[in-house]
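I opened my notebook to write down what I looked up in this structure, one topic at a time. The sequence and the model come next.

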Amino acid sequence: MTESSDSPKKTKKAKKKVKQQRKKDRAKGLEPPVFYHISESEGSSKLKSKFYEKELARLQVELVKMQYWVKHTGTRIVIIFEGRDAAGKGGTIKRITEPLNPRGCRVVALGTPSDREKTEWYFQRYVAHLPAAGEIVCFDRSWYNRAGVERVMGFCTDEQYDEFMHTCPEFERMLVRSGIILLKYWFSVSDDEQERRFQSRLTDPARRWKLSPMDLESRDRWVEYSKAKDAMFAHTNIPEAPWFTVEADDKKRARLNCISHVLSKIDYVDMTPEPLKLTPRRSAPKDYERPPINEQFFVPQRY
């Protein structure tokens, strides 16, 4: 009788090899460094993890049901996520998209426009990413860059800003009239909580990339960003596509509230298909021989 791959004897042998490899790594100075830092989410939520995980799982199942309906009916959905830096937009987008089929759900996070794009109609590069039938598109920041960072940092002229404020409502009415479901969310975070998250990113190597020079600049322009946001709401909070504010000092609550609201705004029905039935697997032909194991390259078992 051959020894099974998960036998106690083999498992013990594998663990011994891992231990020996780690010892060699330490001797060569290859042991990965250990970082001690404050988690960005630490202390930001008083919601119990058990309840949060259970409720998130329930909402994500509903998101899957919604996507089946979207695909079946050919619905087009655009969800815009705007807000303060470190307000938790990215984390919410991640929780929305992780259970969904990526073929029908895309995240659009455009960088700085190229020299050519700067000469185009302002909305042109965003139009290229709008959904086709059966698709959901999440904009991690959107055309509202012009009303926010571009306005505050002086990256656009007064004429360009005024034209955007005049054109944006008409542009969004066109999208809605074409049949697109347009949802706009503003993630609001307090000054103190944003500062805490910024400070935690400085000590977290895995999140330090999130703290850009533009983010640091925004710390000193809190009032300017507030004024820009107020003006943006005044001009673009239209009945066809209103703004919905997400209180985001508590990240876990913000995620659950936002996902729940998205689901409430889509009049979907459960169109989840019945489970597939798997037929018994066919046996390999008797004349088939697997190549020798020693002819293959394997990833070292370090863990």
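Predicted model: local features only at pLDDT ≥ 70, side-chain atom pairs only at ≥ 80, totals over all residues.

**Entry on helix 2**

I then looked up which of its residues are buried, and the list includes Y52, L56, L59, W69 and V70. The elements that cover these buried residues include strand 1, helix 3, strand 2 (105–108), strand 3 and helix 10 (251–265). Just after helix 2 I noted G74, whose phi is positive at about 75°.

**Entry on positive phi**

Most residues other than glycine have a negative phi, so I wrote down two residues that go the other way. A86, in the loop between strand 1 (76–83) and helix 3 (89–97), has a positive phi near 65°. R141, in the loop between strand 3 (135–140) and helix 5 (149–153), has a positive phi near 70°. Which of the two terms, buried or partly exposed, applies to each? I found A86 to be buried, because its relative accessible area of 8% is under 20%, while R141, with a relative accessible area of 25%, is partly exposed.

**Entry on aromatic rings**

Next I turned to the rings, where the count comes to 20 aromatic pairs. One of them joins Y122 and F164, an edge-to-face pair with 5.7 Å from centre to centre and 85° between the planes. Y122 lies in the loop between strand 2 and helix 4 (124–127) and F164 lies in helix 6 (residues 158–177), so this pair ties together parts that are 42 residues apart in sequence. Both Y122 and F164 are buried.

F164 also pairs with F123, and here the planes are at 20° and the centres 5.8 Å apart, so I recorded the pair as stacked. This pair, too, links distant parts of the chain, with F123 in the loop between strand 2 and helix 4 and F164 in helix 6, 41 residues apart. F123 is buried, as is F164.

**Entry on charges over rings**

Last, I looked for charges over rings, and I noted that the charged end of R151 sits over the ring of Y161, 3.9 Å from its centre.

Methods
Residues numbered from 1 in each chain as written. Heavy atoms only, no water. Helix = DSSP H or I, 4+ residues; strand = E, 2+ residues; numbered from the N terminus. Buried < 20%, exposed > 50% of the residue type's maximum accessible area, 1.4 Å probe, protein only. Contact = heavy atoms within 4.5 Å. Phe/Tyr/Trp six-rings, centres within 6.5 Å; stacked < 30°, edge-to-face > 60°. Lys NZ or Arg CZ within 6 Å of the ring centre and 35° of its normal.
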